[in-house]
Amino acid sequence: MAGASAVTSSSISTSLWRIRRNSSFRFSKVLLSASPSCGSSPERPPAAVRSNYTGIRLAETVELGFERTRVDSWISSQIPGISRARVQSSIRSGLVTVNGRIIDKVSHILKGGDKVSCVVCELEPLKAEPEDIPLNIVYEDEHVLVVNKPAHMVVHPAPGNANGTLVNAILNHCQLPAGACINRKGSSETDYANSSENEIGDFYVGHSYEEFKTSSSEALVRPGIVHRLDKGTSGLLVVAKDEHSHAHLAKQFKLHTIHRQYVSLASGVPSPSSGRIEIPIVRDCNNRTRMATVSGINSSRNARNASSRYKVVEVFAAGGSALVQWRLETGRTHQIRTHAKYLGIPLLGDELYGGTKGLALSLLKLRTPVSCHALVSDMVSKLQRPCLHAQSLGFKHPHTGEHLHFSCPPPDDFTEILHQLRSISDHQSNSDHGLEL
């Protein structure tokens with residue numbers, strides 16, 4: 001990446017004036033110098049034009065009228081372009097105070113008149129290695145990357161799962177050096193207030209951890225995971241290459257302006273055949289999966305609203321299965337899988353949410369003649385993952401403002417199951433026709 005040009009104090013003042021003018025909040029004091037431990041230069045351009053926010057200081061009084069606002073959300077609004085996950089990491093590192101008291105809860109609620117101070121923390125590294133893993137690149141420019149993720153690939157490294165991930169593949173694709181430093185602290189989906197499928201991945205890469213700590217931002221490259229797909233889900237996913245793009249895309253997800261359409265194969269057929277589901281989901285404390293719930297939902301503080309639209313595209317085997325199209329209006333962990341279970345049509349192959357092979361066998365064999373049962377058993381034996389594919393993705397480009405839209409067909413394992421379901425339906429239809437004769 002090309003190095004940034006020198007920034008004078010007058011240009012900093014001009015840029016800050018523009019930020020104040022364009023922001024709905026006012027800065028009372030923004031200190032662009034970093035603490036000595038952060039090792040930053042005092043002449044640092046404002047966050048709106050930086051990719052590395054380490055050491056930026058904010059001191060501000062919350063205006064009246066902004067009561068009941070989360071501290072992580074409020075700080076993010078005060079430093080244009082920074083990601084919410086980065087702010088959350090700063091809070092957990094003890095670098096945020098409210099009225100002089102250190103807080104460590106990202107969901108701390110502010111009130112008018114509160115005095116907030118924040119120093120943006122250094123990125124917490126998690127080591128990842130570039131790996132020569134083939135990627136299906138749908139679109140790429142200097143700011144964003146759109147990938148068609150295969151099923152069974154984990155998106156980002158985690159303790160105990162540091163290899164074979166999409167991030168490892170991206171590091172190799174971008175020809176980044178070994179010893180990439182990745183921050184996962186503060187990136188939990190449950191902490192990113194009402195965001196969309198977000199498991200934000202703030203990470204930069206350098207030759208080593210020491211280089212990571214001392215290099216200027218121009219020497220570091222940052223592919224950021226803006227949202228995620230489950231390991232078993234295939235399809236389109238967008239990756240940000242700089243923090244501005246990351247923050248801009250994350251905001252689009254939060255505002256639900258991202259277009260996301262999925263296709264699935266379900267156990268059974270929903271009734272009605274199309275509609276909108278708006279029901280809160282909450283994490284199951286026993287197995288950490290998302291579960292749709294109706295009764296007693298108000299008693300759960302962690303319940304989060306989730307809405308999806310669905311439409312049956314095709315029905316197989318007299319109602320034993322269906323091809324269902326989904327459009328997300330919000331994005332939560334396992335949202336489609338949870339909503340499918342709530343409708344009574346768990347996804348084929350989704351053992352976690354009831355879409356077991358046993359259920360598929362019983363539904364399909366019950367609705368098909370004995371002559372079809374061998375075909376049914378063969379199809380069910382090939383179910384190795386939830387039959388869910390992220391088919392289309394649309395968003396506003398974070399730098400050009402252009403509206404981009406991408407689509408990709410399901411992979412071979414999905415289409416093979418689909419073709420077998422059609423074959424079973426055709427076989428059944430021929431058998432029924434023979435009986436009529």
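Let me start with a pair of helices. The axes of helix 8, residues 357-366, and helix 9, residues 373-381, come within 10 Å and cross at roughly 155 degrees. An angle over 145 degrees counts as roughly antiparallel, so helix 8 is roughly antiparallel to helix 9. The crossing of helix 8 past helix 9 is right-handed. Please keep in mind that this is a predicted model.

Which residues meet there? On the helix 8 side we have Lys 357, Ala 360, Leu 361, Leu 364 and Lys 365. On the helix 9 side they meet His 373, Val 376, Ser 377, Met 379, Val 380 and Ser 381. Sorted by class, this contact of helix 8 with helix 9 has six nonpolar, three polar and two charged residues.

Now the second pair. Helix 2, residues 71-78, packs against helix 3, residues 84-92, at an angle of about 120 degrees, and their axes are 9 Å apart. Because of that angle, helix 2 is oblique to helix 3. The crossing of helix 2 and helix 3 is right-handed. From helix 2, the residues in the contact are Val 71, Asp 72, Ser 73, Ile 75 and Ser 76. From helix 3, they are Arg 84, Val 87, Gln 88 and Ile 91. By class, that gives four nonpolar, three polar and two charged residues for helix 2 with helix 3.

Glu 131 sits in the loop between strand 8, 127-128, and strand 9, 137-140. What surrounds it? Setting aside neighbours within four places in sequence, Glu 131 is in contact with Ala 162, Asn 163, Gly 164, Asn 168, Ala 169 and Asn 172.

Glu 314 is in strand 19, residues 307-316. Not counting residues up to four places away in sequence, Glu 314 touches Ala 322, Leu 323 and Arg 422. With Arg 422 there is a polar contact, side chain to side chain, at 2.8 Å. One more distance: Glu 314 and Leu 265 are 49 residues apart along the chain, and their C-alpha atoms are separated by 9.6 Å.

Terms used:
Residues are numbered from 1 along each chain as its sequence is written. This is a predicted model: local features need pLDDT of at least 70, side-chain atom pairs count only at pLDDT 80 or more; totals for chains, interfaces and linings use all residues. Side-chain values use heavy atoms; hydrogens and water are left out. Axes are lines fitted to C-alpha atoms, for helices over the stretch in contact, and angles run from 0 to 180 degrees between N-to-C directions. Helices (H or I, at least four residues) and strands (E, at least two) are DSSP runs, numbered from the N terminus. Angles under 35 degrees count as roughly parallel, over 145 as roughly antiparallel, 65 to 115 as roughly perpendicular and the rest as oblique. A crossing is left-handed if the near helix is turned anticlockwise from the far one by less than a right angle, and right-handed if clockwise. Contact means heavy atoms within 4.5 Å. Ala, Val, Leu, Ile, Met, Phe, Trp, Tyr, Cys and Pro count as nonpolar, Asp, Glu, Lys and Arg as charged, and the others, Gly among them, as polar. A polar contact is a pair of N or O atoms within 3.5 Å; within protein, one must be able to donate a hydrogen and the other to accept it, and residues adjacent in sequence count only if both atoms are side-chain atoms.
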